[in-house]
Amino acid sequence: MQLGMMGLGRMGANMVRRLLRDGHECIVYDISSAAVAELVKEGSIGAASLEEFVGKLAKPRCVWLMLPAAITPRIVGQVAALLEPGDIIIDGGNSNYRDAVDQAARLAPMQVSYVDVGTSGGVWGVDRGYCLMIGGPEEAVKHLDPIFATLAPGPDTASPPLAEGTASLGYLHCGPSGAGHFVKMVHNGIEYGVMAAYAEGINILRSANAGKRPRAVDAETTPLSEPQYYQFDIDLPAVTEVWRHGSVIGSWLLDLTAGALKADPGLDNFDGRVSDSGEGRWTLKAAIDTGVPAPVLSSALFDRFASRGESEFADKLLSAMRFAFGGHVEKKE
C-alpha cells in the first residue's frame, strides 16, 4: 500500500523504514532535504515541496503527519487545500485530542477524512513495532488497516490475547476522530505516574545507607533517630535487573531503567530536567472536567515542573518565611 509521510524526525523516519521492510511504498517529505535524501537511499520516493509530495500520491491520497503539536493544525490546513474528496489525513503526533475533533469538523465539508493515531513506541518502534490508538471514520480506518498492521507489533506469543480484534496485535480503533488521541493522552498521563513511581522508589533505595553518612547536628536538621536501620549499600543496577525477572512491577519501562542504571549508575550524564509535551496537562484537564480524581498523575506532572526549576521561587519564599519568624539560617549572606 502507498503512504505519504510528512515529518521525518526520529519516529517518522523509523515508521517509514518499518513500512518499507514490509513492502509498502512511501512518499516522503520534510523541511530537511537531508532527511528526505536519507530515506530515498533506503527505498522511499522523495519530494522537494508539499505540492510535489501530494502530487506523487495515488488516490485516495493518504497523508500521515508526524509533526510537533504546535504546528500540526496549520500544516493540516495546507495539506487539505491540496486534497480532494475521499483523501485521508492521518495525525500521528502528540496533538491535543480536541484539535482532532475540530479538524475533523473542518474537513468534513471537503469530504476529507481525518484520522488521529496516538503512536507509542519511541525510537525502539522500528523493530518492536508501535502501539497505535486510532480515532476516525470507520471507512478510512479500514482502508488504512494494512498500514496499521505493519506498524503495530503483531502477535505476542508471550502475552496471549485477552480479547478479540486487533488490540492484541497492537492497534485499536478507539472511536471517532479525537478518540485515538484521547486514549494516547491518558496513556502518557499514566506514563508520567509510572515513571515517577520508579524514580521515587529507586531514590529511596539509594538512601538506604543514610545511617552511614555524616549528618549535621544542629537545631535546623531533623536527626536520623535510628541509623542502625539504614545501613544498606544497595546495588541499584542489580535491583532493577532482578525486578525485571518475575516481579509484578516488571515492564518495558523498567527494562529501560535498568539499562540506564547499568550504563551510568550515578546518572552523571543527566541533569534531572524533565520536560512535559502537553499530554499530562491535557489528561488532568480531562480529569477536572469530568470530575475524576487523579492525584498520582497530577503529582507526577507537578514534579516535572519542579525539575525545571519552577519551584525555586517558592522554595526561596519558604526559606524567607522561616528566617522571618525563627531566624533560621537559610538566608544568603
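## A tour of patch, salt bridges and pocket

Begin by selecting Phe313, Leu317, Leu318, Met321 and Phe325, which together make a nonpolar surface patch of about 590 Å²; a patch of this kind joins nonpolar side chains (Val, Leu, Ile, Met, Phe, Trp, Tyr) within 5 Å, from residues with over 30% relative accessible area and no salt bridge, and the areas come from the Shrake-Rupley method with a 1.4 Å probe. The model is predicted, so local features need pLDDT of at least 70 and side-chain atom pairs count only at pLDDT 80 or more, while totals for chains, interfaces and linings use all residues. Residues are numbered from 1 along each chain as its sequence is written, and side-chain values use heavy atoms, with hydrogens and water left out.

Leu317 is partly exposed at a relative accessible area of 43%, where buried means under 20%, exposed over 50%, and partly exposed in between.

Next, turn to the salt bridges, of which the structure holds 14, each defined as a side-chain nitrogen of Lys or Arg within 4 Å of a carboxyl oxygen of Asp or Glu. Select Glu84 and Arg61, whose side chains meet in a salt bridge at 3.7 Å, N to O. This pair links distant parts of the chain, 23 residues apart, with Glu84 in the loop between helix H4 (72-80) and strand S5 (88-91), and Arg61 in the loop between helix H3 (50-55) and strand S4 (62-65). Arg61 is buried, at 9%, whereas Glu84 is partly exposed, at 33%.

Move on to Arg244, partly exposed at 32%, which has a salt bridge to Glu241 (2.9 Å, N to O) and another to Asp255, with the closest N and O atoms 2.7 Å apart. Asp255 sits in helix H11 (residues 252-263) and Arg244 in the loop between helix H10 (236-243) and H11, eleven residues apart.

Finally, select Met6, Gly7, Tyr29, Asp30, Ile31, Leu67, Pro68, Ile71, Arg74 and Ile75, which line the second largest pocket. The volume of this pocket is about 150 Å³, and its lining divides into seven nonpolar, one polar and two charged residues. Here a pocket is an open set of points on a 1 Å grid where a 1.4 Å probe fits, with protein on both sides within 12 Å along at least five of seven lines, and lining residues have an atom within 4 Å of a point; the volume is the space filled by probe spheres set on the points, and Gly counts as polar, Asp, Glu, Lys and Arg as charged.

How values were computed: Patches are made of residues with over 30% relative accessible area and no salt bridge: like charges are joined within 9 Å, nonpolar side chains (Val, Leu, Ile, Met, Phe, Trp, Tyr) within 5 Å. Buried means under 20% relative accessible area, exposed over 50%, partly exposed in between (1.4 Å probe, protein chains only). Helices (H or I, at least four residues) and strands (E, at least two) are DSSP runs, numbered from the N terminus.
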